[in-house]
Amino acid sequence: MLKYILRRLLVLTPTLLAILLITFVISRNTPGDPVYRELDAQFREGSHVTPERKDQEYARVSHARGYDLPTFYVSLTSLAYPDTLHRVLDLSDRANLAEMVSIYGNWESIVSYYRQLKKGLLRIRSHKMPPDQKDSILEAQVTIEQLLKVAKRPEIEYRLQILETLSQSVPLLVDSMQSEFYGIQGSFGAVLETQSTWKNYVPTLHFHGLHNQFHQWLMGVLRLDFGRSYSDGKRPVFTLIKEALPWTMVMGFFSFVLSYMIAIPLGVYGVRKRNQWQDRTVTISLFLLHSIPSFVAAMLVMTFLCNPAYLQLFPTTGLSSDGAELWPLGYRLVDYAHHLTLPILIFSYGGVTFVSRQMRGGMMESIQSDYVRTARAKGLSEHTVVWRHVVRNSILPILTHLAGLFPALVAGGVITESIFSIPGMGLLTIGALGSYDHPVTIGVLTLTASATLFGIFVTDILTAWADPRISFVEA
Amino acid sequence: MMQQPDNEAELDAVEMDGPILGAPQSFWASARERFRKNQVNMIALRFLLFLVTVALLADFIAYDKPLICKLDGVVEFPLFGDYLSDLGLYKRPVERIHQDWRQAKYDWAIWPLVRYKANQIDYDNQRLTGPFAVQRMSSWKWRHFLGTGRDGRDVLSGLIHGTRIALTIGFIAMGIAGFIGIILGAVAGFWGDERWQLHLGGILFGILGLILGFFYGFQVRSYVLRDALVNGAASFLGQLLLSFLIMIGVTVLFVQFSKLFKRVPILGKRYNVWVDIIISRVIEIKTAIPTILLIITIMSLVEKKNIYFVMVIIGLLGWMGVARFMKGEMLRTRSMAYIEAARSMGLSEVRILFRHAIPNSLTPVLIVLTFGIAGAISLEASLSFLGIGVPDDVVTWGGMLREARSSQSAWWLAVFPGLAIFLTVTALNLVGEGLRDVLDPRLRHE
């Protein structure tokens, strides 16, 4: 048994790593600059903070979150790609430099072109602006800012053209900025001249050691540190999950109990009345129920049962009524139950159809087996045969579906919770999605996937333990 | 017919199994006959055909211009005019561009059944007009038969045009998923963990080739892929496919090259390639991540909403069921006599797999594909219901239900789209069940 567990663990580890790698890749590709999002509001909007102070703060967050490290243990890049690019702090600069490298392939010239741009930007930002020429100077500034974000040749040349016209037509710029503009143009010319596109087709392998973003992220995840939410007072993602999880669990627990309590007797009933009209009715109704997507059911229920225009049997959304915090415990529990009834019903009917179909299928098989015939031959009543022998033997395979319960919980929760505004994991995800709060979305995804994997592991062990027919040798 | 048995032994087996009545029936003929026997199957199938028709002819059923009309003494085809000008083949005369087709004085006109486009706003009947409510319009012909949404979009027209989107999503997503799933499942089932052996040189070169193939297919082309994504899903899918082909091509090239080293002592030693273990791990990884959550997270990476992107993602993430089923099929097929025969004739393993084993195991996959389409449609509906991935100006069933969320007294916004989703999913599931009854070889003995 121990050997079996160890073997399963051995198989589990690479799968878990792969899942973590996938979520990591997703997390590094979220749109927007994560460092910028994590900066406190005063550094993002505040005009009273000096640019130098902003840069310092940016560097601090970037370092703390490891964004100034290489991405992975190894990297497969082209020869043209510098292995020090990750030291460029500003992420949009980094991305654009990477794209330029992939087009022109000559890192040194590109860097000197970029330096020229930055220098020009600094100069023009501190430029004095007499009212009559303000627009043109601002236009020049915006053009340089755009140049920092484009990599393709026509897009750059178009903007260089604008700069040239401006530098010739605006008197102030002619004096002060012309040398800068020529510098920019010249350095881009140098980029074009020294193009080494071939370097982009030569692969190189770099080893970065443990000091990389993935390692840092992985260590964080193992300590249950999923980073901090962008909004919501920059609270740790794990705290948010910890607050949401109980509600998903409550819903999950009740709907789990409910669906098994309905489904198993239904399955048994179907088998006892097999091939009679009762069985057929049950099967057909379950089939139809199975075809209703849960959000459709939820919308119908909400329209007709939570609506003052038709029947208002249940409250529409939320967990409790206004002012319920002051009520005595008993009232509050009733109030919770009142609010949770519909969500739990909607949450469970999918499970009912699934479990009872499985149950019926499994029982149909075992009712034809030898031990059932023996039991009948002993003269046991049909009731005893079904409940004591068939059900017992058919319940085991159903329990293996427990592993799939957790992802089903969160997945189902996404819809049900967001319709009924239950503050569980699903609503947390949807809310985070709406506010582009990527750390939360990715934290939930990582945690759910890992938990599921763990669930599969536990179920495998339990099944093997409960059913000696499952060989320990084969994994 | 590809299902026709390939050799004598098979032919005998079929005749023994099947009804011994006169001429031997082909597999398809008997399957069709058994499928037709079930009334419910046929109703579901007809309903699906009806949906396909509605999807194909959506513009002819609901449109804001007449099909044919005589206006100012000239016979015109406004709908076809729209089609042609979309294709760039026709330029509408200036005076017709701002033509108010609704108010125009026609000599005569043939209108579609519903006189509204799906996302067209009827300013006279905004704010949720019910199907039975008094509607402000000149004639009953302009009625919103199933009411309108909050901004005055016609519900019936939305349902009709939504059919097109729902079915497209189902078929495209499952097309992608089916392609990937069939190939991976077949490879996993056919070769398993022991049946495919490669010499060490081949394995090493194969891994090297995969890495280099990834470099040339994806790393070098990463910006091409990114730009394609901006241009739309079709170009993105094309470029993605090209990237995969490059990757596979490089790998195959390397493996072929490694054959030169077959006679080198250590490199020439043969080892099993664990195809099944690798593919099963991939499936396990995917199973552990809740699909809807993964899709939602991936969608958050895309800054511009695009319906085709939703289809591609659903397809790329939905092949596991097909693969698992195909693997099971292949486990049966690979022990068949005709495979042995092909092998004894000296055909290459790859040829046997793609020319004999896969074509002969494809039929039952139809079952999973049908259920898969139902699943994809329902998944897309939930995504649009949550407002994820589908642009706001595209009218979908899920999107209409979403509108019902904020306007609870408008029962017609919940009932009709809900019914459309339910009926479509049910019909597909029914056809799937019917196909299972007649096609699944595992059920045939019952």
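In chain B, 39% of the 446 residues are buried, where buried means 20 or more other C-beta atoms within 10 Å of the residue's own, with C-beta atoms placed from the backbone. Before I go on: this is a predicted model, in which local features need pLDDT of at least 70, side-chain atom pairs count only at pLDDT 80 or more, and totals for chains, interfaces and linings use all residues. Residues are numbered from 1 along each chain as its sequence is written, chains are lettered from A and ligands numbered from 1 in the order in which they are written.

Staying with chain B, it has 19 helices and five strands; these are DSSP runs, H or I of at least four residues for helices and E of at least two for strands, numbered from the N terminus. Its C-alpha atoms fill a box of roughly 90 × 65 × 45 Å along the principal axes. Of the contacts in chain B between residues at least 6 apart in sequence, 76% join residues at least 24 apart. A contact here is two C-beta atoms, placed from the backbone, within 7 Å.

Next, the cores. A nonpolar core is a set of buried Ala, Val, Leu, Ile, Met, Phe, Trp, Tyr and Cys residues joined through C-beta atoms within 7 Å. The largest has 152 residues, and B:Ile169, B:Leu293, B:Ile314 and B:Val322 have the most contacts inside it. Helix H7 of chain B, residues 155-191, supplies the largest share of this core, 20 residues. Leaving aside neighbours within four places in sequence, B:Ile169 is in contact with B:Val310, B:Met311, B:Ile314, B:Ala376, B:Ile377 and B:Glu380. A second, separate core of 23 residues includes A:Ala80, A:Ile124, A:Met177 and A:Ile184.

Now the two chains together. How many residues of chain B are in contact with chain A? The count is 41, against 45 residues of chain A. Several helices of chain B each supply at least two residues to that side, among them H8 (200-219) and H17 (365-386). H19(B) gives the most, with nine residues.

Last, a helix pair in chain A. H12 (residues 237-272) and H13 (residues 277-290) pack at an angle of about 140 degrees, axes 8 Å apart. Axes are lines fitted to C-alpha atoms over the stretch in contact, and angles run from 0 to 180 degrees between N-to-C directions. That angle makes H12(A) oblique to H13(A); under 35 degrees would be roughly parallel, over 145 roughly antiparallel, 65 to 115 roughly perpendicular, and the rest is oblique. At the contact, A:Leu266, A:Tyr269 and A:Gly270 in H12(A) meet A:Asp279, A:Val282 and A:Thr283 in H13(A).

Key
A residue is buried if 20 or more other C-beta atoms lie within 10 Å of its own, exposed if 12 or fewer, and partly exposed in between; C-beta atoms are placed from the backbone.
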